[in-house]
Amino acid sequence: MCFQVIDAIAKAISSTPGCSLLDVDPGPSTNRTVYTFVGSPQAVVEGALSAARVAFQLIDMSKHSGEHPRMGAMDVCPFIPVKNVTMEECVSCGNQLGQRLADDLHVPVYLYGEAAHKDNRKSLPSIRAGEYEALPEKLKKPEWAPDFGPSSFVPTWGATVTGARKFLIAYNVNLLSTKEQAHRIALDIREQGRGQEQPGRLKKVQGMGWYLDEANLAQVSTNLMDFEETALHTVYEEIRKDAEELNLPVVGSQIVGLIPLKAVLDCADFYIQRDGLFILEEEHKVRLVISRLGLDSLGPFVAKERIIEYMVEKSEQDERLVSLPLQQFIRSVGARTAAPGGGSVSAAVAAMGAALGCMVGQMTYGKRQFESLDGTMRRLIPPFHQAMNELISMVDADSTAFNSYMSALKLPKKTTDEIKRREAAMQEGLKRAVGVPLSLAERVSVLWPSLKEMVCYGNLACKSDLQVAAKALETAVFGAYYNVLINLKDINDETFKSAVRNLSPAMAILLVEMYIVVQIKTLLHINEPHFQSSPKLAEVLKNRSDLHDIVGHR
């Protein structure tokens, strides 16, 4: 496909209101370009239709050839839920696009994946069998009548497949071999295998071998249909193992288009665990995967441009509280608005408490004088690091939950039905407003054993940081507790209220108890006799009474 055609289609997509074009990935040998764009359901349907109209004018399939299987100018257009969209909505998008392609361009369209109306059309290779060249005869068969459009062959277009599916990862492993050797490995690892009698080893994986003339190497080209069932590293390691048995060198691999962040982090976790590595930061995990898989072997792999979550974040206006500068966040708390309020502040304070615990661990790990504690720090640091990231997300989650309740209050209440809908929305909002601080308290409560150990083994130069960490976490759970109480009283679901009341005081007491343990059983040499000598506090802890009793005697 010439670059003028590629650019014209890209322009059609990017100029569609509400569409953000994230990636354009052309392949010279495959003579195929993958476009990735995001937007609201209606916007992406319009973007796909705009692309199809341009392709209809500029592409002549009767003159097309390439390594990749294909059957049409717009070969396949899947809709994939990325954020705040359901699979059902994506199925609807596929149906809308199919109908409009048929109406506007008068071309045959098939539905596949989650949108398929027939079992034999769920799989793309099944629909594509015979490719473009087989369409004239295939369209004459009743069992292959298109879901939309005519059953007649359109030579310049072919046919289009659309529908809905999970995120597919197009992943190719490079070999210094022949096309035939690469295809031999593909047959062994792909789910379809060599046929029903000889299935392959990897579930939800499609594969074939081909040769890239521009790179002067072969590839085992795969599609990971469900990376949570068969992971990226599993595909790479299985191909590498087969290549070693054939004495064929593996020289990196390639992601075509974009990849979900979770797929990359899952891969990083595999190598971290297998090789006994200690890596915390997301950026470092991404670098590890790029290195281990050789993702930059055929060109730079820029994570910010190839991981879909990073691209979506870049395309959207980031209005999250946690993205505000610190002074702006504080001023937003002090503004004349109900949110952000105590719940978001509690989450922010908790995140900072966890961050301090993580910091002390990192200030201990890798130093010569604490070398004997490296193993201990490798165990203690990750819980704080993980909690820090999870608690950061709760800053916005709390405000979002509260705002959902406020939105429910503004719903109309003129009719009986409107009153019922408003009340149901209010109750759901209140439950969400309880759920976030409750999750915060639960998340913090599991940190106390780790903090206690960190106090015992951490760098003594950081003792004040640990004191602040303990107090910050304590403060956060007190704040969470009171946020639970203020919202719980207006909830009508007695079963829900009872479950929360049975859980919350125990967590709050556990927090204070562990805080005292941390303070009086440490290597910090801090003497706080008022914690040890208060009969009232000891009685409260012993009886597991309501948190109000503790607050009243602090």
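Where does Pro340 lie? Pro340 lies in the loop between helix H12 (326-333) and helix H13 (342-364). Helices (H or I, at least four residues) and strands (E, at least two) are DSSP runs, numbered from the N terminus. This is a predicted model, in which local features need pLDDT of at least 70, side-chain atom pairs count only at pLDDT 80 or more, and totals for chains, interfaces and linings use all residues. Residues are numbered from 1 along each chain as its sequence is written, and side-chain values use heavy atoms, with hydrogens and water left out.

**View 1. Asp25 and Arg306 form a salt bridge.** A salt bridge is a side-chain nitrogen of Lys or Arg within 4 Å of a carboxyl oxygen of Asp or Glu. Side chains of opposite charge can pair when their charged atoms come close. Here the N to O distance is 3.7 Å. Asp25 sits in strand E1 (residues 20-27) and Arg306 in helix H10 (residues 303-306), so the pair ties together parts that are 281 residues apart in sequence. Asp25 is buried, at 16% relative accessible area. Buried means under 20% relative accessible area, exposed over 50%, and partly exposed in between (1.4 Å probe, protein chains only). Arg306 is buried too, at 12%. In total, the structure holds 29 salt bridges.

**View 2. Arg201 pairs with Asp242 in a salt bridge.** The N to O distance is 3.1 Å. This pair links distant parts of the chain, 41 residues apart. Arg201 is in the loop between helix H6 (179-189) and strand E7 (205-212). Asp242 is in helix H7 (residues 232-245). Arg201 is partly exposed, at 38% relative accessible area, whereas Asp242 is buried, at 8%.

**View 3. Lys241 and Glu238 form a salt bridge within helix H7.** Their closest N and O atoms are 3.4 Å apart. Lys241 is partly exposed, at 36% relative accessibility. Glu238 is buried, at 18%. Elsewhere, salt bridges that share partners join Glu237, Arg240, Glu244, Arg274, Asp275 and Arg292 into one network.

**View 4. Glu281, Glu282, Glu309 and Glu313 gather in a surface patch of negative charge.** Patches are made of residues with over 30% relative accessible area and no salt bridge; like charges are joined within 9 Å, nonpolar side chains (Val, Leu, Ile, Met, Phe, Trp, Tyr) within 5 Å. Glu281 is in the loop between helix H8 (261-275) and helix H9 (282-293). Glu281 is partly exposed, at 35% relative accessibility.

**View 5. The side chains of Asn174 and Ser297 make a polar contact.** Their distance is 2.9 Å. A polar contact is a pair of N or O atoms within 3.5 Å; within protein, one must be able to donate a hydrogen and the other to accept it, and residues adjacent in sequence count only if both atoms are side-chain atoms. Asn174 lies in strand E6 (residues 169-175). Asn174 is buried, at 0% relative accessibility.

**View 6. His106 has a positive phi, and so does Asn247.** Phi of His106 is near 60°. His106 lies in the loop between helix H3 (87-105) and strand E4 (109-113). His106 is exposed, at 52% relative accessible area. Phi of Asn247 is near 55°. Asn247 is in the loop between H7 and strand E9 (250-256). Asn247 is also exposed, at 69%.

Definitions and conventions: Areas by Shrake-Rupley, 256 points an atom, 1.4 Å probe, with all protein chains shown as cover. Lys, Arg positive; Asp, Glu negative; His and termini not counted. Charge placed at Lys NZ, Arg CZ, Asp CG, Glu CD.
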